[in-house]
Amino acid sequence: MSSSANRLINRPILATIHTDAFRHNLGRIRELAPESKIWSVVKAKAYGHTLAAALNGLESTDGFALLDIADAQWLREHGWGGRILLLEGLFSQQELELACKLRCDLVVHSEQQVTWLESFVNHSGHPINIFLKLNSGMNRLGFRPEQYRTAFHRLHSAGYHLHHMTHFANADQVDGLPSVGEQMECFDQAIEGLEAPTSLANSAAILWHRNALGDWVRPGIMLYGVSPTGMHADIVRSEFQAVMQLRSEIIDIQELKKGDHIGYGGCYEAPEDMRIGVIACGYADGYPRHAEDGTPVWVDAADVDGGSVICPIVGRVSMDMLTIDLREAPKAKIGSVVELWGNEVPVDDVAQMSGTIGYELICALAQRVPVIIK
Ligand SMILES: Cc1ncc(COP(=O)(O)O)c(C=O)c1O
């Protein structure tokens with residue numbers, strides 16, 4: 001399947017989404033959390049991988065968790081009959097009718113949402129599942145512990161099926177505050193005596209806090225083979241695979257003399273005579289403009305003596321192009337394939353060299369990049 005099948009593509013850039021890697025990663029999560037059901041978190045168009053690819057590769061998930069009701073509608077229209085969780089619940093009272101029609105489960109995190117639900121007359125014949133969100137210390141969304149019981153009882157009396165939910169602020173850090181332990185303690189106290197299934201763990205908690213999983217885990221980033229910490233080694237150690245591969249080609253080569261400068265600002269000065277490869281990929285494709293000199297780009301082995309080679313970025317990334325040092329790839333030529341991120345170049349490494357996290361790069365893949373779902 002290809003979302004770009006009917007487009008006239010001249011520019012060589014292409015993102016390939018590997019659905020086998022999705023299947024593999026979901027299987028790994030089942031091994032790590034065998035007692036839990038899995039909400040596959042596919043907000044932001046499956047972290048930039050497209051909902052179509054997620055539906056294809058993650059069809060054995062227990063449910064999809066997302067943000068926009070339009071995405072829930074898309075999943076229903078494309079045959080998904082399983083559960084869907086709206087991770088921030090309703091943004092307006094009007095959404096409730098459609099959410100009910102689409103059989104969405106709802107996160108409820110505010111007093112206003114409780115009031116909307118209390119006044120709703122459900123004619124659908126099926127009860128609505130609620131994931132009531134406790135603010136156990138992250139201080140973003142959710143009821144404070146002293147408000148939580150009241151919200152629980154109000155929704156329970158109104159006939160909703162309740163689940164307990166919270167979100168960890170620091171499951172990926174050793175000494176972040178609040179710690180997972182502190183949040184767990186708060187959670188356990190708040191729900192004491194209120195019988196209902198639980199949902200706690202994001203990717204980092206699934207990897208490192210096996211006592212904090214709950215009945216429903218909510219993995220996002222690990223499904224895509226990207227690390228919650230930014231350290232690619234974490235994801236390799238846990239045997240996850242990259243799902244998105246961003247490739248392009250060398251579209252031109254410059255022969256520089258020692259002392260020549262490259263690109264906007266002329267930030268890089270050639271230390272000797274050297275060849276520079278110009279790649280069809282820039283920040284308008286979602287590649288980070290702040291990538292430092294030295295950020296790795298893989299150049300296809302077929303054109304290079306001694307196998308494939310990593311060539312570092314030199315000079316500023318511009319809107320449509322970036323430039324790499326070809327001194328290690330003497331046979332690289334116009335048309336040589338390069339990988340910006342994927343199996344050869346972890347997106348985590350590109351993110352680290354750009355002062356950001358892998359989450360941001362995959363989510364920000366630009367609309368103009370053609371996508372193939374394999
Ligand atoms: C409420 C909630 N649960 C789960 C996740 C998934 O987190 P991660 O991608 O770190 O696994 C997110 C993502 O931000 C979230 O907001």
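How much area do domain 1 and domain 2 bury between them, and what percentage of it is on carbon and sulfur atoms? In this predicted model, the two domains bury about 1200 Å² between them, and 69% of that area is on carbon and sulfur atoms. On the side of domain 1, the residues that lose the most area to domain 2 are Tyr47, Val226 and His232, which together make up 35% of what that side buries.

**Domains and their interface**

The domain assignment places domain 1 at residues 19–233 and domain 2 at residues 244–373. Taken over C-alpha atoms, the centres of domain 1 and domain 2 are 37 Å apart. Contact between them involves 17 residues of domain 1 and 13 residues of domain 2.

No salt bridges are counted between domain 1 and domain 2. One residue pair is in polar contact across this interface, with both residues at pLDDT 80 or more. Two elements, α2 (43–47) and α3 (51–57), each give two or more residues to the side of domain 1 that touches domain 2. Of the elements on that side, α3 gives the most, with three residues. Sorted by class, the side of domain 1 that touches domain 2 has nine nonpolar and eight polar residues, and no charged ones.

**Ligand surroundings**

The ligand is surrounded by 15 residues, of which Lys43, Tyr47, Ser203, Ile221 and Tyr359 are the closest. For three of these residues, the table gives the distance from a polar side-chain atom to an oxygen atom of the ligand.

| Residue | Distance from polar side-chain atom to ligand oxygen atom |
|---|---|
| Lys43 | 2.8 Å |
| Ser203 | 2.5 Å |
| Tyr359 | 2.6 Å |

The phi angle of Tyr47 is near 50°, a positive value in a residue other than glycine.

**Salt bridges**

Although the count between domain 1 and domain 2 is zero, the structure as a whole holds 15 salt bridges. Side chains of opposite charge can pair when their charged atoms come close.

**A cis peptide bond**

Which form does the peptide bond from Leu177 to Pro178 take, cis or trans? This bond is cis, with omega near 0°. Pro178 is located in the loop that runs between β7 (161–165) and α8 (180–191).

Note on methods:
Residues numbered from 1 in each chain as written. Predicted model: local features only at pLDDT ≥ 70, side-chain atom pairs only at ≥ 80, totals over all residues. Heavy atoms only, no water. Domains from an automatic or database assignment. Contact = heavy atoms within 4.5 Å. Buried area = accessible area lost by both parts, 1.4 Å probe. Salt bridge = Lys/Arg side-chain N within 4 Å of Asp/Glu carboxyl O. Polar contact = N/O pair within 3.5 Å; in protein donor to acceptor, adjacent residues only side chain to side chain. Helix = DSSP H or I, 4+ residues; strand = E, 2+ residues; numbered from the N terminus. Nonpolar A, V, L, I, M, F, W, Y, C, P; charged D, E, K, R; others polar. Near = heavy atom within 4 Å.
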